[in-house]
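Biologist: Could we go through this model term by term, with each label set against its criterion?

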Amino acid sequence: MNISIVGTGYVGLVTGTCFAETGNHVICVDIDKAKVETMRNGKVPIYEPDLDTIFERNLKAQRLTFTTHLKEAVEKTDIIFLALPTPPNEDGSADLSYVLKVADELGRLITSYKVVVNKSTVPVGTAEKVRAAIAANCKVEFDVVSNPEFLREGFAVDDFMKPDRVVIGTSSPRAKKVMEDLYKPFVRQGNPVYIMDERSAELTKYAANSFLATKISFMNEIANICETMGADVDMIRIGIGADQRIGKRFLFSGIGYGGSCFPKDVKALVQSSGEYQYDFKILKSVMQVNENQKHVIITKLKKHFKKLEGLKIALWGLAFKPDTDDIREAPALIIIDELLKQKVEVSAYDPAAMENVSKLYGSRIYFASDVYHALQDADALIIATEWSEFRTPDFAEIKKRMAKPIIFDGRNLYSTEQMQQEGFTYYSIGRKDVI
């Protein structure tokens, strides 16, 4: 099939590259000329495991091409995916200006039947708005489909190539057939393709992310009461995770969720619910709990040291989660801001996200070349992201490098028994302190 992807951000680039991998011819469109040129030269502009391999393969096979010209892409393709940003407005609602602007342009460019697919995460009713924007200037038949993505950063290629499910929102039999044929190579093992109306498909994405965010905030609340009641949140996680009705995933407590999806989508669902005069009380609490949780480590730090000014703190992890360089809404940024406000010297290390963070802070914090370099003469270590390389460090080397063997673990990477044996003062989330 001939496919165009409008927008080469995280979702657009992964989508286009994975469609090319199954033999489709894909044209990716972006208004950023420098970015397009970078991709034409074989460089992937985002960090995502395994993406560079299939990107290079399909670029060489000429199944994956890039352009700044929307007209060229529309003329050569039959399916047009919109993978455009929908950033939050000040009130939390999704900004659809990018999506609707392209829809308006498409109306002037489409001269034969096309299937226009909303891949962006959008509020309920967006398919209707896109259809109206295109129809205002279009004189031929077209269909608008909602096809939300369910990609996890760090696992996006695998998630796309082997999806748990594919959700397609359309009321058109013709568009339904096109989309089913497109996804056939990805669901050969029987993974379900769910066909539903456009509004239900749009709400499915918001509901999924909001439910997962709710699980995270719930477990963080459990962790907080564990600290007051003397219980162990890890034991509770194991106990309730064994219940198949609950499941084992998204039950790890920590310092809050971040990233480009959960914060934005929860806010957008609360806001759009308000537009229908519905007060989504649970999700408002989820947001408040998450915001509070990002400050838990600093509270523990202040309680231990009493005064933070003049300390040197090492920080392991900057990205909002491991296996990505994405720092949007990352808890580490909240921690850095508070430490700098308290006149603390910060020495940070992250395997992928340091370049992005350096654009925000410049020389105000120190970026170390490796995990142990970050620890030199540090009064304490804060762990903000659960990268694999942080899980089994050389604790003797840690103690040797640090001024004091004190760890504030925001991701519960180590057992309290091990930390006691190794001679560390150790604070974690929802477990007894080792002092």
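Biologist: What makes E13 and strand E14 (residues 425–427) a pair, and in which sense do they run?

Modeller: This is a predicted model, in which local features need pLDDT of at least 70 and side-chain atom pairs count only at pLDDT 80 or more, whereas totals for chains, interfaces and linings use all residues. Residues are numbered from 1 along each chain as its sequence is written, and side-chain values use heavy atoms, with hydrogens and water left out. Two strands pair if DSSP finds at least two bridges between them; E13 and E14 have three bridges and pair in the parallel sense, and Ile 407 stands opposite Tyr 426 in E14. The labels themselves are DSSP runs numbered from the N terminus, with helices (H or I) of at least four residues and strands (E) of at least two.

Biologist: Which strand pairs with E13 over three further bridges, and what is the bridge partner of Ile 382?

Modeller: Strand E12 (residues 380–383) pairs with E13 in the parallel sense, over three bridges, and the partner of Ile 382 in E13 is Phe 408.

Biologist: Why is a crossover called right-handed?

Modeller: The term applies if, with the strands pointing away from the viewer, the path from the first strand over the helix to the second runs clockwise. E13, helix H17 (residues 416–422) and E14 also make a right-handed β-α-β unit.

Biologist: Which way do the side chains of strand E13 (residues 406–409) point, and are they buried or exposed?

Modeller: Ile 406 and Phe 408 point one way, Ile 407 and Asp 409 the other way, and all are buried. In a regular strand the side chains alternate between the two faces of the sheet. Buried means under 20% relative accessible area, exposed over 50%, and partly exposed in between, for a 1.4 Å probe and protein chains only; Phe 408, at 0%, therefore counts as buried.

Biologist: Why is the pair of Phe 305 and Phe 408 called tilted?

Modeller: Rings of Phe, Tyr and Trp (its six-membered ring) pair if their centres lie within 6.5 Å, and planes under 30 degrees apart count as stacked, over 60 as edge-to-face and the rest as tilted. Here the centres are 6.4 Å apart and the planes are at 40°, so the pair is tilted. It links distant parts of the chain, with Phe 305 in helix H13 (residues 296–305) and Phe 408 in strand E13, 103 residues apart. At 14% relative accessibility, Phe 305 counts as buried.

Biologist: How many aromatic pairs does the whole structure hold?

Modeller: The search finds 18, including the tilted pair of Phe 250 and Phe 262, at 6.2 Å centre to centre with 45° between the planes. Phe 250 lies in the loop between helix H10 (233–241) and helix H11 (262–275), and Phe 262 in helix H11, so the pair ties together parts 12 residues apart in sequence. Phe 250 is partly exposed at 27%, whereas Phe 262, at 13%, is buried.

Biologist: How do you know that Cys 28 is in no disulfide?

Modeller: A disulfide is a pair of cysteine sulfur atoms within 2.5 Å. A search of the whole structure finds zero disulfides, and for Cys 28 the nearest cysteine sulfur, that of Cys 18, is 11 Å away. Cys 28 is buried, at 0% relative accessibility.
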